[in-house]
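Hi,

Here is the structure I promised to pass on. Have a look at it first, and then read my notes below.

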Amino acid sequence: MVMTSSPHPPDVGGRPDPTAEPGGESAPARGYLLDNARAEAGERFVWLAELFDGVTRAHFDRLGVRAGSRCWEVGAGGRSIPEALAATVGPTGHVLATDIDPSWLEAGEGYEVRRHDVAADPPPEPGTFDLVHARLVLVHVPDRERALATMVAALRPGGWLLVEDADTALQPLACLDDSGPAQRRANRLRDAVRELLARRGADLRYGRTLPRALREAGLVDVAAAGSFPVGGPACDRLEAATIRHVRGELLAAGLTDDAEIDAHLAAIHAGELDLTLAPLISAWGRRPAEHAPTPG
Ligand SMILES: C[S@@+](CC[C@H](N)C(=O)[O-])C[C@H]1O[C@@H](n2cnc3c(N)ncnc32)[C@H](O)[C@@H]1O
């Protein structure tokens, strides 16, 4: 299905409070925590692009994406990577951008948009892609093994899979320089957000497992690299959007209070925190080329 929905969905407000039912056991919230229905998701895509598109695009170049390539961008979120791929592959190539919620993607910009759950739906156009890429998606998908198999099945023989995921357990701090109360509060709140992610089935150690996961999925020529920014306005703005996105969930889970969140947002605004992120591990591998059977 080709989507034509607005790239700017309205802010639908806070989630229902799963702990608010009087007298009953609360049902655990399920699904992707930082869902695309909220306006903050769109802000996050802008700052993720600012922070990581350079890294990602360098990998595309090295893996040989060029005019005429066929690419599948999985869990695309915002438009920057589909647009970059479309500009590279040109009119003789093909870019498919998919997401469980493709509201922020814009059909008709040189790439095709489909709603697709990489952990539940079959691979689109199996065996045909030169490049399949997912950034910061599988870490959130509880059935990530199945998702990986779906992406591998979409590759043509010789095609490359590039998976990029955070490893928040490798570097869990929001402030590496733990120099005062505002920095320590930022680190406490980062822990609280990680706790929410884990409750939704995120694997906070997934990044480090990627090379092995790609080999076990049958890929060859597997390698990986890691990178993360250490401070700057894009990190600040990503953090502010993330905290505003999950504010209701943090409060409902009793992991913080309004005063702590407001103080943290004010400290971010003051530019005094030097916020950082977890390392982004980028791992790539190639589907083995098919060889003609040897006669006799
Ligand atoms: C953290 S965002 C990353 C977006 C983008 N890849 C980037 O790096 O900026 C995760 C994206 O994965 C999507 N997503 C989550 N679970 C998914 C699933 N099972 N299948 C497809 N997309 C999924 C979300 O809707 C969201 O757009």
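**Notes on the model**

Let me start in the sheet, where D165 stands opposite I281 in strand 7. Before going further, a word on what this is: a predicted model, in which local features need pLDDT of at least 70 and side-chain atom pairs count only at pLDDT 80 or more, while totals for chains, interfaces and linings use all residues. Residues are numbered from 1 along each chain as its sequence is written.

**Overall layout**

The protein has seven helices and seven strands, where helices (H or I, at least four residues) and strands (E, at least two) are DSSP runs numbered from the N terminus. From that end, the order is α-β-α-β-β-β-α-β-α-α-β-α-α-β. Of the 296 residues, 39% are buried. For burial I count the other C-beta atoms within 10 Å of a residue's own, with C-beta atoms placed from the backbone: 20 or more is buried, 12 or fewer is exposed, and in between is partly exposed. A contact means two C-beta atoms, placed from the backbone, within 7 Å. Taking contacts between residues at least 6 apart in sequence, 77% join residues at least 24 apart.

**The sheet**

Back to strand 7 and its partners (two strands pair if DSSP finds at least two bridges between them). Strand 7 (280-286) runs antiparallel to strand 5 (155-166), and seven bridges join the two. On strand 7 there is also an antiparallel pairing with strand 6 (residues 220-227), this one with six bridges. S227 has L280 of strand 7 as its bridge partner. Strand 5 in turn runs parallel to strand 4, again through six bridges, and H133 is partnered there by L162 of strand 5.

Both strand 5 and strand 7 are well covered. Nine of the 12 residues of strand 5 are buried, so that strand is largely enclosed by the rest of the structure. In strand 7, six of the seven residues are buried.

**Helix 1**

Helix 1 covers residues 39-62, which makes 24 residues. Its first and last C-alpha atoms are 34 Å apart, close to the 34 Å expected at 1.5 Å a residue (the expected span is 1.5 Å times one less than the number of residues). Even so, have a look at F52: a kink of about 55° is centred there. The bend is the angle between axes fitted to the seven residues ending at a position and the seven starting there.

F52 is also one of the buried residues of helix 1, along with E40, A41, R44, F45, W47, L48, A49, T56 and F60. An α-helix has 3.6 residues a turn, so residues three or four places apart point the same way. The buried residues of helix 1 pack against helix 2 (80-89), strand 4 (129-135), strand 5, helix 6 (233-252) and strand 7. Just after the helix, G64 takes a positive phi of about 90°.

**Around the ligand**

L48 turns up again here: the closest residues to the ligand are L48, G75, G77, V118 and R135, out of 20 that surround it. To be counted, a residue needs its C-beta atom, placed from the backbone, within 6 Å of the molecule. The shell divides into 11 nonpolar, five polar and four charged residues, with Ala, Val, Leu, Ile, Met, Phe, Trp, Tyr, Cys and Pro as nonpolar, Asp, Glu, Lys and Arg as charged, and the others, Gly among them, as polar.

**Helix 4 and the loops**

Helix 4 (181-199) has 19 residues and reaches 27 Å, close to the 27 Å expected. Its buried residues are Q183, A186, L189, R190, A192, V193 and L197, and they pack against helix 6 and helix 7.

Which residues does D177 contact, leaving aside its neighbours within four places in sequence? They are Q183 and D274. D177 is in the loop between strand 5 and helix 4 and is exposed, with 12 other C-beta atoms within 10 Å. Its C-alpha atom lies 8.5 Å from that of L273, 96 residues away along the chain.

Most residues other than glycine have a negative phi. D274, though, has a positive phi of about 50°; D274 sits in the loop between helix 7 (258-270) and strand 7 and is partly exposed. L136 has a positive phi of about 55°, in the loop between strand 4 and helix 3 (144-154).

Cheers
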